[in-house]
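Student: I have a structure to read and would like to go through it feature by feature. Where do I begin?
Tutor: Look at it first, then ask about one feature at a time.

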Amino acid sequence: MARMKFLCDADRCIECNACVTACKNEHEVPWGINRRRVVTLNDGRPGERSVSMACMHCTDAPCAAVCPVNCFYTTADAVVLHSKDICIGCGYCFYACPFGAPQYPRIGNFGSRGKMDKCTYCTGGPEPDFSVAEYEKYGSNRLAEGKLPLCAEMCSTKSLLAGDGEMIAAIYKQRVIKRGYGSGAWGWKTAYRETVTI
Amino acid sequence: MRSGLKLLSTLLVAVTLVAGPVAVGVALAQEPMQAGQNPTGQDPTADAVNEELLFKHESTIRGVVSIPDKRAGNLIQPQGREYRAFHERWLPWIAAVVILGMIVVLAAFLLIKGRMKSPRSAEKIKRYNVLERFTHWMTAACFIVLALSGLNYIFGKRLLMPLIGPDAFGTASQLAKYSHVYLAWPFMLGILLMLALWVKDNIPNRVDWAWLKAGGGVLGGHAHAGRFNAGQKVIFWMVIGFGLAMGFTGIALLFPFTLAGIHGMQLMQVVHASIGALFIAGIILHIYTGTVGIEGSFAAMGKGEVDLAWARAHHDLWVEEQQAKAAGGAHLGHPQPAE
Ligand code: HEM
Ligand code: SF4
Ligand code: SF4
C-alpha cells in the first residue's frame, strides 16, 4: 500500500489558485469552506513564495488524537478521514491541526458550528464508494477510481504533487538537483516528522 | 465616467496583450537557456523564504491568502502539538486525580470522623427565601449537566464509547454538547444572581480569621460565624471566580475567533478544561458539607429554614443579628423564642 502525501514545490507555485478552484468544484464544497488554499509568504517582497496547503494527512494525526468522539480513521493509503455522522462540531481538531485544515460551515456562531469539513485526498468518506451520501457529505472519490487528487492533477506548473510519499519525494529531489535549488518540502517535518533530504 | 474607465482598462489590456509577448520574445532571443542554468546568473533562491529560517524567527508561519477567510493565512502552526499533548496526555489525568482525589479524601474523612452532629430543637429559623433557593437550584442543576457533559468531552471516548459503540456515543455526545452550550446561559445568569444576592454576607472579616484558626469546627468545637462562615465564603468566592472564568472562556469557545486567534483559542480551551476540573472537585466538597457532611444543613436550601439550635451552633452571630432585627419589629415569619 502507498503512503499518500502532498508536496508543494514552492519554487514552482505561481499562485494561480487553480487547485483551490478545482477542489471546490470537484467536491461541491459549501460556501465559505476552502479545503485547499494558497498562502503567499513575503508577499510583494524579494523572496516571495507561494505554498498550496490543505490537510497533509499527518502521521499520527493530531486532529484524530484530540477529537472527543473519535470520529477519525486512517485508510490503508494513510489518508486521514472522518465521519460527519459522528462529528459534533466542537472545533478541537482545528485547534490541534498544524495546517488549519478543518473547516466549519459556520464560523462565528452560537452553539453549532456544523460538521467539520476538510480535504479528503479525494477519497470520499465512510459511506460506500460512489454513493450519493458519500458525494453529498464528502465529495467525490477519485482514489477509488484509481485517480489521484484533482488539485495536483490540475496544477499547471506541477508544483503541487500528490501520490506515494517516496515517489513524490524522488520527483522533487530530481528537480532540486537538476535546477540547483529548492525551498524544501513545506510542512513535511510537522506533518510526517521527516523531510526530503537532498 | 464609468464608461470612460472601462475604455481605459480595455485599452490597457490590449496594450499588454500586444506588448507582452514581444518583450518575452526579446528576452528569449537574447539568452538561450540550458538545463540547470538560470538566466540571470544569480541564485534565484538567495533570499527566498525558507521554512527552517522562518521558524527561527517566529513560531507560526504566516502569509496572505486571496480567499475571504483570512485565518487561512496561517500556513504552519505547530503549537497544535502542544495543545494536543495537554489535551490528550495531561488533561485526563489532571481531571481524574483532582476529582477522584476529592472523593477519596471526603470518603476517608467521613469514615474517620463521621457526620458532624448538631444540636436539635423544636424551633425553626428562616435561612433562604424563595429567590435565593430558586437561584441556587437553577445554578446547581445547570452545573451538574454542564459538569457531566463537560466530562464527556474528556472521558466519553475513553469510557462510554467502548460500552455503547461509536454511533450511539456520537448521538449522545451531540445531545450533551447542545445541553452544554444552552444550559451555559442560565448557569451564567445564576452566577450573577448569586453574586448580587450573597456578596454582602460574604465579605471576609475578622470573625473568619478566628473561625479558620479554630479549625472551623471541623477539628474541634464550633467557632463563631455570621450568616456564612469562612469555609462557605471560600466556596462562594470559588463559585463566583470559577463561574466567571468558565463563562468567559466558554463564551470565547462558543464564538470562536471573535475574542482570540488560534493560540488564544487553544489557551481558552486549556483554561476552560482545567478550571472545570477544579470547579467540579470544589463543588463535590460543597455537596458533601451540604448533605452527608453536616447533619441538618440540607434543610437550609431544601425547605429554606433550619433548626434554630443548628443555626446557633453553626451561625451564632447571624442568629443574634436576625433576632435583634425581629425584636426591632422586622417580621421573620416564625415565632421567636424569648431569650
Ligand atoms: C459558564 C458557561 C459555560 C460555557 C459558555 C461553556 C462552554 C463550553 C464550550 C463552548 C465548550 C467546548 C465544546 C464545544 O463547543 O462543543 C466547553 C467544553 C467544556 N466545558 Fe464548558 N461551558 C460553561 C461552563 C462549564 C462548567 C460549569 C463546567 C464544569 C464544571 C464546564 C466544563 C467543561 C469541560 C470539562 C469541557 C471540555 C473541555 C475539554 O475537552 O478540553 N463548562 N464548554
Ligand atoms: S493536516 Fe490537520 S486535519 Fe489533516 S491530518 Fe494533519 S492534523 Fe489532521
Ligand atoms: S469538530 Fe468534529 S471532527 Fe473535529 S474534533 Fe470535534 S467532533 Fe472531532
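Student: How do the residues of the shell around ligand 2 divide into nonpolar, polar and charged?

Tutor: Keep in mind that this is a predicted model. The shell around ligand 2 has 12 nonpolar residues, one polar and one charged.

Student: How many residues surround ligand 2, and which are the closest?

Tutor: Ligand 2 is surrounded by 14 residues. The closest are A:Cys55, A:Met56, A:Cys58, A:Cys63 and A:Cys97.

Student: Which residues are the closest to ligand 1?

Tutor: They are B:His87, B:Tyr153, B:His180, B:Gln269 and B:His272, out of 27 residues that surround ligand 1.

Student: Why is the site of ligand 1 shared between chains?

Tutor: To read a site, check which chains its residues come from. Here ligand 1 is surrounded by residues from chains A and B, so the site is shared between them. On chain A, an N or O atom in the side chain of A:Tyr92 is 3.1 Å from an oxygen atom of ligand 1. On chain B, the side chain of B:Tyr153 has an N or O atom 2.5 Å from an oxygen of the ligand, and for B:Lys177 the corresponding distance is 3.4 Å.

Student: What should I know before reading a nonpolar core?

Tutor: In soluble globular proteins, nonpolar side chains tend to be buried together. In this model, the largest nonpolar core has 77 residues, and A:Trp186, A:Trp188 and B:Leu75 have the most contacts inside it. Helix α3 of chain A, residues 92-96, gives the largest share of this core, five residues. From chain B, domain 1 (2-30 + 51-77) and domain 2 (82-328) each supply at least three residues. A second, separate core has 36 residues, including B:Trp198, B:Ile280, B:Met301 and B:Trp310.

Student: Which residues does A:Trp188 touch, not counting those up to four places away in sequence?

Tutor: Among them are A:Lys5, A:Phe6, A:Leu7, A:Met56, A:Arg193 and A:Glu194. A:Met56 is also one of the residues closest to ligand 2.

Student: Where does B:Phe55 lie?

Tutor: B:Phe55 is in helix α2 of chain B, residues 51-57.

Student: Why is B:Phe55 called partly exposed?

Tutor: Partly exposed covers the range between the buried limit, under 20%, and the exposed limit, over 50%. B:Phe55 is called partly exposed because its relative accessible area is 25%. Leaving out residues up to four places away in sequence, B:Phe55 touches B:Ile61, B:Ile76 and B:Pro78. Its C-alpha atom is separated by 39 Å from that of B:Ala147, 92 residues apart along the chain.

Terms used:
Residues are numbered from 1 along each chain as its sequence is written. Chains are lettered from A and ligands numbered from 1 in the order in which they are written. This is a predicted model: local features need pLDDT of at least 70, side-chain atom pairs count only at pLDDT 80 or more; totals for chains, interfaces and linings use all residues. Side-chain values use heavy atoms; hydrogens and water are left out. A residue is near a molecule or strand if one of its heavy atoms lies within 4 Å of it. Ala, Val, Leu, Ile, Met, Phe, Trp, Tyr, Cys and Pro count as nonpolar, Asp, Glu, Lys and Arg as charged, and the others, Gly among them, as polar. A nonpolar core is a set of buried Ala, Val, Leu, Ile, Met, Phe, Trp, Tyr and Cys residues joined through side-chain atoms within 4.5 Å. Buried means under 20% relative accessible area, exposed over 50%, partly exposed in between (1.4 Å probe, protein chains only). Helices (H or I, at least four residues) and strands (E, at least two) are DSSP runs, numbered from the N terminus. Domain bounds come from an automatic or database domain assignment. Contact means heavy atoms within 4.5 Å. A polar contact is a pair of N or O atoms within 3.5 Å; within protein, one must be able to donate a hydrogen and the other to accept it, and residues adjacent in sequence count only if both atoms are side-chain atoms.
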